[in-house]
Amino acid sequence: VQMKRGQFRAAIANWERATSIDPMNWNMFDNLSNAYGAVGMLPAAERAKRRAAELVSGSSIERILMEQSWGWAYYALTGSTEKINEGIARSQGLDDSTGSLAIAVYSVAMVERDYDRAEHAIEKSTATIFETFAGPRSTKKFLLGTVALARGDVTKARSLFEAELPFARSELNEAPDSAPRHAQLGLICAYLGQKEEAIAEGQRAVELLPISKDAVDGPGIAVALAEIYGRVGEQEKAIAL
């Protein structure tokens with residue numbers, strides 16, 4: 001609750017107490033690491049994340065997600081993708097039937113502008129539905145569409161996003177109060193130039209999960225709305241947000 005309210009220092013004190021009470025619970029250390037990272041305590045965050053990884057046994061998905069959450073926290077604070085790639089290297093050979101490792105490779109490759117690597121990671125994956133760290137699910141079409149867009153191949157990107165649109169709508173129909181799914185649909189509409197619907201979906205997402213309500217996941221939704229504004233020509237609103 002304190003994390004969601006942005007009370008990270010108070011949360012740290014409680015997570016530290018929790019790890020002392022339940023020292024074999026990897027989840028406690030993982031949350032403690034996230035709290036440390038939120039206030040820029042990098043060495044402490046890494047120590048807690050490493051301890052969490054030591055306690056995880058037999059779950060490749062948990063290992064991959066844990067490694068990546070620390071790597072992205074480090075990237076956000078330092079601008080370096082080193083820890084992300086180290087985590088990916090340690091995850092090689094683990095079961096990736098859900099596509100979690102493929103998403104990890106794709107995500108860091110996009111940041112590094114290595115579009116061949118990003119495309120290869122998605123195309124070779126056996127998964128058909130992917131879950132990103134922000135929450136919404138997508139198919140290969142959306143992810144490959146973002147690669148095409150980054151390369152400047154607008155025609156290919158548009159074709160892929162048009163093909164993804166029915167899936168995004170069906171996902172939202174299943175969970176109409178999901179902020180990430182509204183944001184996802186809004187982004188796709190923005191990529192397709194559907195300005196009014198794109199903004200409406202993005203604004204609805206922020207209404208459902210404002211930063212004032214959730215300081216952990218709310219910022220990501222606000223970023224999605226900012227990108228929507230930027231894509232549809234409302235640059236001043238994007239910059240302000």
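Phe 142 counts as buried, with a relative accessibility of 8%. This value, like those below, comes from a predicted model. The ring of Phe 142 pairs with that of Tyr 191 in a tilted arrangement. Tyr 191 is also classed as buried, at 16% relative accessibility, because the cut-off for that class is under 20% relative accessible area.

The two partners belong to separate helices: Phe 142 is part of helix α8 (residues 140–151), while Tyr 191 is part of helix α10 (residues 179–191). The pair therefore ties together parts that lie 49 residues apart in sequence.

A search of the whole structure gives four aromatic pairs. Among them are the two listed here, each described by the distance of the ring centres and the angle of the planes.

| Pair | Arrangement | Centre to centre | Angle between planes |
|---|---|---|---|
| Trp 72 and Tyr 75 | edge-to-face | 5.4 Å | 85° |
| Phe 142 and Tyr 191 | tilted | 6.4 Å | 35° |

Trp 72 and Tyr 75 both sit in helix α4 (residues 60–78). They are three residues apart there, so about one helical turn separates them. Is Tyr 75 buried, partly exposed or exposed? Its relative accessible area is 27%, and Tyr 75 is therefore partly exposed.

One further contact involves a charge and a ring. Lys 83 lies over the face of Tyr 74, at 5.4 Å from the ring centre.

How values were computed:
Residues are numbered from 1 along each chain as its sequence is written. This is a predicted model: local features need pLDDT of at least 70, side-chain atom pairs count only at pLDDT 80 or more; totals for chains, interfaces and linings use all residues. Side-chain values use heavy atoms; hydrogens and water are left out. Rings of Phe, Tyr and Trp (its six-membered ring) pair if their centres lie within 6.5 Å; planes under 30 degrees apart count as stacked, over 60 as edge-to-face and the rest as tilted. Helices (H or I, at least four residues) and strands (E, at least two) are DSSP runs, numbered from the N terminus. Buried means under 20% relative accessible area, exposed over 50%, partly exposed in between (1.4 Å probe, protein chains only). A charge sits over a ring if NZ of Lys or CZ of Arg is within 6 Å of the ring centre and within 35 degrees of the ring normal.
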